[in-house]
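Hi,

Here's the structure I said I'd pass on.

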Amino acid sequence: MPAPNSPAVRRQHLLQQLAALGDLRPGSLVQTYRKCGKPNCACAQSDQHKHGPYWMLTRKVGRTTRTRAIPAAAVEATRAQIAECQRLRQLVAELIEASEQACQAQLEAARNASETTADAQENSAHSSSSPPSKPNSPAS
Ligand SMILES: [Zn+2]
């Protein structure tokens, strides 16, 4: 039976969190100010009178930066989507780590089993990894 904090259990928890992820998008939000181009507009006279702020989502794709306009009403949702994307990257990194440790633990368990007697090997093969009592059955 795996310990509560074993790599195999952590891996399972991470997979559950991955499955529960919401909308996500990569990139970062930046504010920009623009000149409209009309010669009579105040923005033509001074940078302080530029129009804005406008929200843009920028994202590096290869060597180029892709930019998309984000309506002000969608800024909050976009922030949440960006945070969710960062969470995905974090979860993936943790999943790779936990899975790597779980794989290594399996190798070491197999090596330990092969070093014991034939009887012990047979017993461990029959008991497998399932505990005698179901984990979600009430304790008392
Ligand atoms: Zn203008």
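Let's start with two helices: the axes of helix α1 (residues 7–19) and helix α3 (residues 75–115) come within 8 Å and cross at roughly 150°. Axes here are lines fitted to C-alpha atoms, for helices over the stretch in contact, with angles from 0 to 180 degrees between N-to-C directions.

Who meets whom? On the α1 side, Leu 14 and Leu 18 are among the residues that meet α3 residues including Leu 91, Leu 95 and Ala 98. Contact means C-beta atoms, placed from the backbone, within 7 Å.

Before you go further, this is a predicted model: local features need pLDDT of at least 70, side-chain atom pairs count only at pLDDT 80 or more, and totals for chains, interfaces and linings use all residues. Residues are numbered from 1 along each chain as its sequence is written.

Zooming out, the protein chain has four helices and three strands, running α-β-α-β-β-α-α from the N terminus on. Those are DSSP runs numbered from the N terminus (helices: H or I, at least four residues; strands: E, at least two). Among contacts between residues at least 6 apart in sequence, 54% join residues at least 24 apart.

One last thing to find: a cis peptide bond joins Gly 52 and Pro 53, with omega about 0°. Pro 53 lies in strand β2 (residues 51–61). In general, most peptide bonds are trans.

Cheers

Conventions:
Two residues are in contact if their C-beta atoms, placed from the backbone, lie within 7 Å.
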